[in-house]
Amino acid sequence: MNQPSQRLTLTTQLAYGVGEMGLVMPVSIAIFFLLYFLTDVAGLNPTLAGTVLLIGTAWDAVSDPLIGWLSDLTRSRWGRRFPWMVGGGMPLLLCCTLQWWVPPLVLQWQLFAYYGVLSIVVYASYTAVMLPFTALAAELTSTYDERTTMMGFKSGFNTVGSILALVVAQAVFSTVADPQQQYLTIGVLTSAGVLLGIVVSIWGTQQRYWQQQGALIAPDRTQSLGADLLSVLTNRPFRWLLGLYLGAWIGTQVAAAMLPYFVSSWMQLPEQAFTQMAIAIQGMAVVSLPVWMAVTRATGKRTTFFLGAPLTLLALLGLVTVQPGQVGRMYGLAAVSGVGLATFYLVPFAMLPDVIDLAAARLGQRQEGLFFSCLVFCQKLGSAIALFTIGVLLDQARFVANSTIVEQPASALWTIRLLISVVPAVLIALSLYFAYRYPLKRIALFDNS
């Protein structure tokens, strides 16, 4: 394997980090608020709101692997990834705003049709930008420790982007009175973050991208999409990594989606409180991330996950015991959860390039786009199924989808408490099992440092 022309520079890492920050802002807002927005602002019943989220993922069953595969095969003067980032950027900017607009429609089926169609466009355009961008990380360096550093920057800026999005939401909630105008304003501002992320990441990484191509195994043969997918899905280390990531991510997303309901309906606090709690979680993740990076360099990626994930698991279990008025306890558990959450951001995406390298050495071709697309697709599918299930369970528990209602029935309150605590904790426990079975450690073959 050829050596890279130079070590990874701070400029490249910062540019990629800013790209991550800008692109994660609309996702963070959607994770925390989209289901709540659809039920309590747009007025959809919970089952239809969950179905909207499932529709976009159904389209992803086609678009995610296809875009990842096509980006692997793309040959242009701008490389494999950059044309996709530019081409998907414009529709994404528009969609990031329109999904937070409440159209002047009265009937449930009309609202459902609008958000259902829009979800397809949102998912497709975001996939066209984010998948090539994410795959780009594996092409910017080929050493074990540089990848840990690179993914540390990615994770740090990801968390900063989440915090920034929540700060923006907090500011909007504090200054804009009308709920519909609140979310539309947030959509416009996060669209600006997407534009910044695309421009800065392309500007700051293209030189390193071309320098690094000689250090990577170049694709020298082309299979069909089906054959390439089969080679990815039969990769044993990838399957264990996939289980690790899905358990951690889906558990976290279920808890995040339930946070507005928990804070407003159970704790009976104003809407600013759930942005403050989310900021506390993400803030602790940022603060603890450098520590986890040092632990990773000293002990390895899997050990870091074993140390961090139980903190989030135990903190979430603690939330089921929190009673209205125990605000300090709620924030304390949020802080502990954030410390462990940093390992969810850092470890899986630091592991994946090692899996890709091992597959490239065996097959003689690189499939970054396809590996990342399979990971992201499974994440989206699992999350959408989880959120759909949440909507159905809230509906069955007689949750009242109306922002003016303060008191919810006891069945709805118990469902909210279990969904923010016990259910995510079980999913994180499963991720720890998959981490235990993950077979790859530090791989000397690919450590060119």
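Some ground rules before the tour. What you see is a predicted model, where local features need pLDDT of at least 70 and side-chain atom pairs count only at pLDDT 80 or more, while totals for chains, interfaces and linings use all residues. Residues are numbered from 1 along each chain as its sequence is written, and side-chain values use heavy atoms, with hydrogens and water left out.

Okay, the overall picture. The protein chain has 14 helices and zero strands. Helices here are DSSP runs of H or I with at least four residues, strands are runs of E with at least two, and both are numbered from the N terminus. The C-alpha atoms fill a box of roughly 65 × 45 × 40 Å along the principal axes. For 449 residues, a compact globule would have a radius of gyration near 22 Å, and the chain has 21 Å, so that agrees. That radius is taken over C-alpha atoms, and the globule rule is 2.2 Å times the number of residues to the power 0.38.

How much of the chain is buried? Buried residues make up 59% of the 449. Buried means under 20% relative accessible area, exposed means over 50%, and partly exposed is in between, using a 1.4 Å probe and protein chains only. As for contacts, meaning heavy atoms within 4.5 Å, take those between residues at least 6 apart in sequence: 85% of them join residues at least 24 apart.

Now let's look at helix 4, residues 108–136. At 1.5 Å a residue, its 29 residues should span 42 Å, and the end C-alpha atoms are 41 Å apart, which agrees. The expected span is 1.5 Å times one less than the number of residues. Helix 4 also bends by about 30 degrees at Thr127. The bend is the angle between axes fitted to the seven residues ending there and the seven starting there.

On to the rings. A search of the whole structure turns up 20 aromatic pairs. Rings of Phe, Tyr and Trp (the six-membered ring for Trp) pair if their centres lie within 6.5 Å; planes under 30 degrees apart are stacked, over 60 edge-to-face, and the rest tilted. Take Phe33 and Tyr183: the ring centres are 6.2 Å apart and the planes at 65 degrees, so this pair is edge-to-face. It links distant parts of the chain, with Phe33 in helix 1 (residues 10–40) and Tyr183 in helix 6 (residues 179–212), 150 residues apart. Phe33 is buried, at 1% relative accessibility, and Tyr183 is buried too, with a relative accessible area of 1%.

A second pair is Phe82 and Tyr209, with centres 5.5 Å apart and planes at 65 degrees, so that one is edge-to-face. Phe82 is buried at 6%, and Tyr209 is buried at 2%.

Next, Arg417. Its charged end sits over the ring of Trp266, 4.2 Å from the centre, and Arg417 also lies over the face of Trp414, at 4.4 Å from the ring centre. To count, CZ of Arg or NZ of Lys has to be within 6 Å of the ring centre and within 35 degrees of the ring normal. Arg417 is one of the buried residues of helix 13, which also include Leu413, Ile416 and Ile420. What covers those buried residues includes helix 8, helix 10 (301–319), helix 12 and helix 14 (422–437).

Helix 8 also holds Phe238, which counts as buried at 1% relative accessibility. Leaving aside residues up to four places away in sequence, Phe238 touches several others, including Leu352, Phe371 and Cys374.

Finally, back to the loops. Most residues other than glycine have a negative phi. Arg398, though, has a positive phi near 70 degrees, and Arg398 is exposed, with a relative accessible area of 55%. Gln268 has a positive phi of about 60 degrees without being a glycine. Gln268 lies in the loop between helix 8 (236–266) and helix 9 (271–299), and counts as partly exposed at 45%.
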